[in-house]
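Colleague: I have some questions about side chains and the spaces between them. Shall we start with the structure in view?

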Amino acid sequence: MLKLDGIASFAAIAESGSISEAARRLRLSKSIVSERLADLERSLGAALLHRTTRKLSLTEDGNAFLERATRILREVEDAASDMAERRGSLAGPLRIAAPVTFGRMHLGPALYPFLAQHPRLALTLDLDDRRVDAAADGFDAVVRHGPLEDSRLVAWQLAPSRRLLVASPAYLERHGRPDSLEALQRHRGIFYTNRGVADWRFQGPDGAVAIRATVGLRVNNGDLMRDAVAAGLGIALLPTFIAGPSIQTGALQVLDLGLQAAPESIYVAHADGRRVSAKLRAFVQRLRDAFGDPPYWDR
């Protein structure tokens with residue numbers, strides 16, 4: 001008979017790549033995890049892992065079983081969470097991925113009271129500026145900023161997002177203040193790597209307008225973009241949730257060319273077809289309440 005603790009041990013080994021690391025994550029001894037794996041393999045009548053002196057790897061049977069095992073464990077977690085929710089509390093794991101700068105500046109402060117209110121909720125908040133695959137990477141949902149480009153995702157808007165062209169006073173003193181889109185193209189741009197150099201899009205009276213400036217710097221982090229602008233390295237199109245404090249202090253100045261950047265949103269997205277738990281709904285509502293409409297960084 002298959003035992004759930006054996007399935008959990010196998011999934012942890014497959015995810016971590018070693019029995020020692022799996023034991024650490026499960027807070028068990030290495031011998032217990034090994035014993036549970038061996039018992040699972042005996043019950044299935046198949047070897048799930050190739051064992052060498054250097055590493056572990058999944059066998060063909062192991063790879064096939066892992067997908068089912070992951071689904072079984074998630075169903076059990078969801079069932080336990082549902083029972084907790086029926087008693088009026090939120091409990092169990094919730095895995096969320098989010099961009100680094102937005103997470104540091106806004107998610108943390110919004111979620112600390114939420115986590116204190118629900119001590120049985122085990123939130124994993126993975127801050128990474130790469131575009132993670134919500135389903136393949138095992139996340140319940142992802143927080144993103146910008147256009148929704150993946151048709152496999154279902155999105156809930158958290159807040160509208162405004163972006164402004166900004167530069168430092170020192171840069172403008174050296175290079176002049178652009179007064180038109182044509183002039184803007186002659187300036188050095190600082191771009192977010194994940195969006196590319198065609199990211200400067202504006203709403204004009206005759207429709208959308210895209211501007212390509214000279215590339216001064218590409219970087220995949222909002223904090224570094226803002227700091228590079230403040231250091232006088234160029235102009236950037238930054239969301240107000242990043243640039244707002246620096247604009248207020250005068251470290252950055254807004255460039256008004258009479259056009260608005262294309263509208264965007266901050267949203268939470270989950271894989272299409274995935275069951276939406278009460279934990280995730282509460283998470284989304286907490287962020288909406290904390291950010292406000294309009295969001296507090298734009299007031």
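Colleague: At 48% relative accessibility, does Arg104 count as buried, exposed or partly exposed?

Modeller: This is a predicted model, with residues numbered from 1 along each chain as its sequence is written. Local features need pLDDT of at least 70, side-chain atom pairs count only at pLDDT 80 or more, totals for chains, interfaces and linings use all residues, and side-chain values use heavy atoms, without hydrogens and water. Buried means under 20% relative accessible area, exposed over 50%, and partly exposed in between (1.4 Å probe, protein chains only). At 48%, Arg104 is therefore partly exposed.

Colleague: Which residue does Arg104 meet in a salt bridge?

Modeller: A salt bridge needs a side-chain nitrogen of Lys or Arg within 4 Å of a carboxyl oxygen of Asp or Glu. Here the N to O distance is 2.6 Å. The partner of Arg104 is Asp223.

Colleague: How many residues apart are Asp223 and Arg104?

Modeller: Helices (H or I, at least four residues) and strands (E, at least two) are DSSP runs, numbered from the N terminus. Asp223 sits in helix α8, and Arg104 sits in helix α5. The pair links distant parts of the chain, and the separation is 119 residues.

Colleague: Which strands does the salt bridge between Glu264 and Arg163 link?

Modeller: The closest N and O atoms of Glu264 and Arg163 are 3.5 Å apart. The two residues are 101 residues apart in the chain. Glu264 lies in residues 264-271 and Arg163 in residues 163-167, which are strands β15 and β7.

Colleague: What is the relative accessible area of Arg163?

Modeller: Glu264 counts as buried, at 7% relative accessibility. Arg163 is buried too, and its value is 6%.

Colleague: Which residues are linked with Asp199 in a network of salt bridges?

Modeller: Asp199 forms a salt bridge with Arg201, with the closest N and O atoms 3.4 Å apart. Asp199 is buried at 4% relative accessibility, while Arg201 is partly exposed at 29%. The network links Asp199 with Arg163, Arg195, Arg201 and Glu264.

Colleague: How many salt bridges does the structure hold?

Modeller: The bridge between Asp223 and Arg104 is one of them. So is the bridge between Glu264 and Arg163. The structure holds 15.

Colleague: Now the rings. How many aromatic pairs does the structure hold?

Modeller: Rings of Phe, Tyr and Trp (its six-membered ring) pair if their centres lie within 6.5 Å. Planes under 30 degrees apart count as stacked, over 60 as edge-to-face and the rest as tilted. The number of pairs is nine.

Colleague: What kind of pair do Phe241 and Trp297 make?

Modeller: The ring centres are 6.0 Å apart. The planes of Phe241 and Trp297 stand at 70°, so the pair is edge-to-face.

Colleague: How many residues apart are Phe241 and Trp297?

Modeller: Phe241 is in helix α9 (residues 240-249). Trp297 is in the segment after α10 (278-291). They link distant parts of the chain, and their separation is 56 residues.

Colleague: Which element gives the most to the lining of the largest cavity?

Modeller: Lining residues have an atom within 4 Å of a point. There are 30 of them, and the closest to the centre are Pro99, Asp129, His145, Tyr192 and Arg195. Elements giving two or more residues include β3 (92-98), α5 (100-117) and β8 (188-192). The most, four residues, come from β5.

Notes. On a 1 Å grid over the protein atoms alone, a cavity is a set of points where a 1.4 Å probe fits but cannot get out, and a pocket is an open set with protein on both sides within 12 Å along at least five of seven lines; lining residues have an atom within 4 Å of a point.
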